[in-house]
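The following note concerns charged side-chain pairs and their solvent accessibility. Please read the points alongside the model.

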Amino acid sequence: MSLHPRAGLPAEQQDLTDIPTLVSAYYTNKPNVEVREQQVAFGTSGHRGCSFDSAFNEDHILAISQAIAEYRQQQGYQGPLFLGKDTHALSEPAFASAIEVLVANGVNVVVQAGLGYTPTPVISHAILSFNRSGDNPFADGIVITPSHNPPRDGGFKYNPPNGGPADGDVTKIIQDRANEILAQGLTAVKRMDYQTALAKAEHYDYVAPYVADLENVLDMKAIAAAGVKIGVDTLGGSGVAFWPAIAKHYGLDITVVNDKVDPTFSFMTLDKDGKIRMDCSSPYAMASLIKLKDQFDIAVANDPDYDRHGIVAPSVGLMNPNHYLAVAIQYLFGHRPQWPASAKIGKTLVSSSMIDRVAEKLDKPLCEVPVGFKWFVDGLFNSEFGFGGEESAGASFLRKDGGVWSTDKDGIILALLAAEIIAVTKKDPGVHYQALAAEFGAPLYQRLDAPASPEQKAVLSKLSPEMVEASTLAGEPILAKLTNAPGNNAAIGGLKVVTENGWFAARPSGTENIYKIYAESFLNEEHLKSIQHEAQQIVSAAFTKAGL
């Protein structure tokens with residue numbers, strides 16, 4: 001993708017979403033259930049859309065909330081439902097709609113006292129804390145967020161009693177029932193007025209218990225004793241109240257450089273495509289914090305629902321997410337003696353092979369799974385995985401004693417881990433990655449998008465290794481042609497081809513008529529370009545073989 005001429009520059013008035021009109025459209029636009037783009041559709045991170053497009057409106061949230069209420073009744077979940085929201089403009093009306101329906105269905109809904117914001121990992125932590133006894137009634141949760149998507153978008157995701165993102169079987173049940181409710185004109189929806197529902201909900205401080213428990217997953221005493229100087233940009237997200245509480249509770253040297261909450265996110269610099277996107281892994285969206293890198297020992301940021309992390313180290317600036325995952329894994333498995341000796345390293349198959357090399361050095365089992373954090377949930381829940389991480393800057397890991405911390409991505413603990421690494425090793429994570437690159441080579445990693453019709457995307461998602469006729473890739477023999485993940489044999493919905501010094505993976509987009517090519521080379525830029533070029537040829541040949 002070519003860069004927008006204003007990438008990394010401040011947002012201007014014409015870039016800002018018209019919030020009053022956006023919220024009005026939430027209530028006034030009605031979805032056409034005959035149009036696929038206006039139906040409820042749960043992807044890897046719940047249902048997302050924009051009210052302007054009739055893809056995230058009041059009818060959607062009423063139907064989804066009713067479907068969830070029915071699902072949890074069918075499953076016998078009688079505990080509380082922990083409800084959180086982020087700072088996107090559409091999160092507020094969706095929050096109101098959800099409460100009206102859930103409470104009317106007899107659900108004990110737990111909201112943040114003072115109606116503040118609640119990060120995704122905090123909801124996961126609350127669910128697991130309640131369910132720790134293993135007895136009924138089980139608690140579950142909902143987070144209202146479109147993650148790092150632009151300000152015009154809304155999102156709604158469900159977390160069952162295991163605390164993590166619901167798997168495909170669960171989301172299909174909820175999605176199908178919600179669309180059925182929409183098609184029947186919402187007649188199945190139970191609902192009460194907002195003020196009555198809000199009064200019946202439980203108002204609870206999510207902040208204090210989460211903050212107090214951090215010492216059980218991180219060495220907070222070491223961070224405080226070392227006086228690590230931490231800079232934080234909240235990126236206008238749901239963790240805005242957490243950083244001051246963390247600093248006070250543990251006596252940390254934390255400076256919040258931006259705590260502004262603004263639904264237009266006007267303080268953001270524009271992403272690579274000229275859009276406002278709160279992507280803490282993007283050097284363009286993170287330009288303001290990167291400028292401050294030399295003022296702190298470490299500077300960190302999170303996306304609006306705080307399930308992703310951005311790490312700015314004085315040595316290298318903004319760390320590539322793959323680089324930080326490798327450093328985090330090496331450090332954690334060397335500094336968590338109480339973790340189970342058999343604990344695995346979990347990675348998505350489009351994450352860097354640097355992680356494979358670190359795992360081999362550590363002599364720890366590696367589990368490579370398809371894209372989506374849902375594949376780490378069970379492993380983290382039962383302590384089979386010590387760490388689970390994905391290339392898009394999302395990860396979580398076990399408590400110091402080897403027990404489960406969260407089964408959803410936790411950007412807060414990954415940010416604070418960077419401070420622990422500095423406190424314990426006296427080197428920032430960027431320096432640690434440079435050492436890994438010196439030992440194993442410095443891989444080049446890139447993701448490209450290529451056009452694909454719906455029919456071509458369908459072929460790509462159902463490829464078999466036999467359909468790939470090539471025997472070499474960029475001059476090297478192909479060692480593996482994967483359409484199922486080696487870690488759990490689950491279908492990857494695409495293809496991964498591996499050689500000794502490189503690989504590529506191709507997956508269709510779930511929302512656009514494109515497919516994504518992830519590629520990595522441990523040799524050089526020319527080798528990477530060859531991999532990318534031949535990857536497109538291999539995929540095109542598969543399309544041709546299928547008659548497309």
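Buried denotes under 20% relative accessible area, exposed over 50%, and partly exposed in between (1.4 Å probe, protein chains only). The model is predicted: local features need pLDDT of at least 70, side-chain atom pairs count only at pLDDT 80 or more, and totals for chains, interfaces and linings use all residues. Residues are numbered from 1 along each chain as its sequence is written, and side-chain values use heavy atoms, with hydrogens and water left out.

1. A search of the whole structure finds 31 salt bridges, each defined as a side-chain nitrogen of Lys or Arg within 4 Å of a carboxyl oxygen of Asp or Glu.

2. Arginine 191 and glutamate 58 form a salt bridge, with the closest N and O atoms 2.6 Å apart. This pair links distant parts of the chain, 133 residues apart: arginine 191 lies in the loop between α5 (168–183) and α6 (194–200), and glutamate 58 in helix α2 (residues 58–75). Helices (H or I, at least four residues) and strands (E, at least two) are DSSP runs, numbered from the N terminus. Arginine 191 is partly exposed, at 43% relative accessibility, whereas glutamate 58 is buried at 10%.

3. Lysine 347 and glutamate 368 meet through their side chains in a salt bridge (3.8 Å, N to O). Lysine 347 belongs to strand β13 (residues 344–348) and glutamate 368 to strand β14 (residues 366–369), 21 residues apart. Both residues are buried.

4. Salt bridges with shared partners join Lys30, Glu58, Asp59, Glu100 and Arg191 into one network.

5. Aspartate 15 forms a salt bridge with arginine 6, at 2.9 Å between the closest N and O atoms. Aspartate 15 is partly exposed at 25% relative accessibility, while arginine 6, at 18%, is buried.
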